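Subject: Structure handover

Hello,

Here is the structure for you to look at. My notes on it follow below.

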Amino acid sequence: ISVFGPTAQHPGAWSDGFEGETVPGANWEVNNPDNAVTWKSTTTAGYQSATSMYIDNMNNDSSRVDELISAGMDLTAIPGTPKLYFMRAYAQKNSSSADALKIYVSTNCGLTWGGARLSLLGSKLATVPAQTAKFIPTTAGQWAMDSLTLLPYTSFNDVRLKFQFVNGNTVGGNEIYLDNINIASRNSTVGIQSVVAGNINF
């Protein structure tokens, strides 16, 4: 894992749609313990855009864990209640697919993370019906928005986020995509496009 410096990269609200961005890079690091399939940028699909992050989970192995970790954010500079918003697209292979996406928060440069603040498993993670063919989202309706309050961290000036994906299938599940990562006030619409059905946690 590459370690970011002790100063927050983002002093306040910010959004990232991964357009023209290199990952790993200034905004994100990738933890890939098995040095195999992991988070990477793709121009195959995006939420109302050309680019997103995804995992080629069809070629992944059982129980593999891959993590997308943000640079630091100064939440003391965001007025009101800061929240994380993001778009996801995912299909199960079948009804027993048990892939999981979990969100963690760190206030000490990623030294510790505590328990998952948001966890989506199997059908709760899916945004379309199960399919055995490689999933590529082609319409906005195949994406869902999720949100997570960051109220417990408003007094911290170097907060990191971790998007952890766990493959829960015997040999590979179906693809997962992330896009439009936004950190903003609860009452703000900074960088946020139209909301579709998802887990909006106020």
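**The open sheet**

Val65 stands opposite Val166 in strand 10. This is a predicted model: local features need pLDDT of at least 70, side-chain atom pairs count only at pLDDT 80 or more, and totals for chains, interfaces and linings use all residues. Residues are numbered from 1 along each chain as its sequence is written, and side-chain values use heavy atoms, with hydrogens and water left out.

Strand 5 and strand 10 pair in the antiparallel sense over 5 bridges. Two strands pair if DSSP finds at least two bridges between them. Strands themselves are DSSP runs of E, at least two residues long, and helices are runs of H or I, at least four residues long; both are numbered from the N terminus.

The pairing belongs to an open sheet of 5 strands, in the order 2-5-10-7-8, with antiparallel pairing. Strand 2 (28-31) and strand 8 stand at the edges. Each has a single partner strand, so one side of each is left without a neighbour in the sheet. From one strand to the next, the twist averages 15°. Angles here run from 0 to 180 degrees between N-to-C directions, with axes as lines fitted to C-alpha atoms.

Strand 2 pairs with strand 5 (residues 65-70) over 4 bridges, in the antiparallel sense. There, Asn31 stands opposite Glu67 in strand 5. Strand 7 (residues 100-106) and strand 10 pair over 7 bridges, again antiparallel. Leu101 stands opposite Phe165 in strand 10.

How many of the 7 residues of strand 10 are buried? The count is 6, so strand 10 is largely enclosed by the rest of the structure. Buried means under 20% relative accessible area, exposed means over 50%, and partly exposed lies in between (1.4 Å probe, protein chains only).

Ser119 is in strand 8. Ser119 is partly exposed, at 44% relative accessible area. It touches Leu101 and Lys102, leaving aside residues up to four places away in sequence. A contact means heavy atoms within 4.5 Å. Ser119 and Ile103 are 16 residues apart in sequence, and their C-alpha atoms are 6.5 Å apart in space.

**Salt bridges**

Side chains of opposite charge can pair when their charged atoms come close. The structure holds 7 salt bridges. The criterion is a side-chain nitrogen of Lys or Arg within 4 Å of a carboxyl oxygen of Asp or Glu.

Which parts does the pair of Lys134 and Glu175 tie together? Their closest N and O atoms are 2.4 Å apart. Lys134 lies in the loop between strand 8 (118-121) and strand 9 (144-149), and Glu175 in the loop between strand 10 (160-166) and strand 11 (176-185), so the pair ties together parts that are 41 residues apart in sequence. Lys134 is partly exposed at 40% relative accessibility. Glu175 is buried at 0%.

Asp158 forms a salt bridge with Arg160, with the closest N and O atoms 2.7 Å apart. Asp158 counts as buried, at 7% relative accessibility. Arg160 also counts as buried, at 2%.

Arg64 forms a salt bridge with Asp61, where the closest N and O atoms are 3.6 Å apart. Arg64 is partly exposed at 30% relative accessibility. Asp61 is partly exposed at 37%. Asp34, Asp61 and Arg64 are linked in a network of salt bridges.

Thr149 sits in strand 9. Thr149 is buried, with a relative accessible area of 18%. Its side chain reaches the backbone nitrogen of Leu151 at 3.2 Å. A polar contact is a pair of N or O atoms within 3.5 Å; within protein, one must be able to donate a hydrogen and the other to accept it, and residues adjacent in sequence count only if both atoms are side-chain atoms.

**The chain overall, and confidence**

The chain has 0 helices and 12 strands. Of its 202 residues, 52% count as buried. Among contacts with a separation of 6 or more, 80% come from residues 24 or more positions apart.

The mean pLDDT of the chain is 87, and 87% of its residues reach 70 or more. pLDDT is the predictor's confidence in each residue, from 0 to 100.

Best wishes
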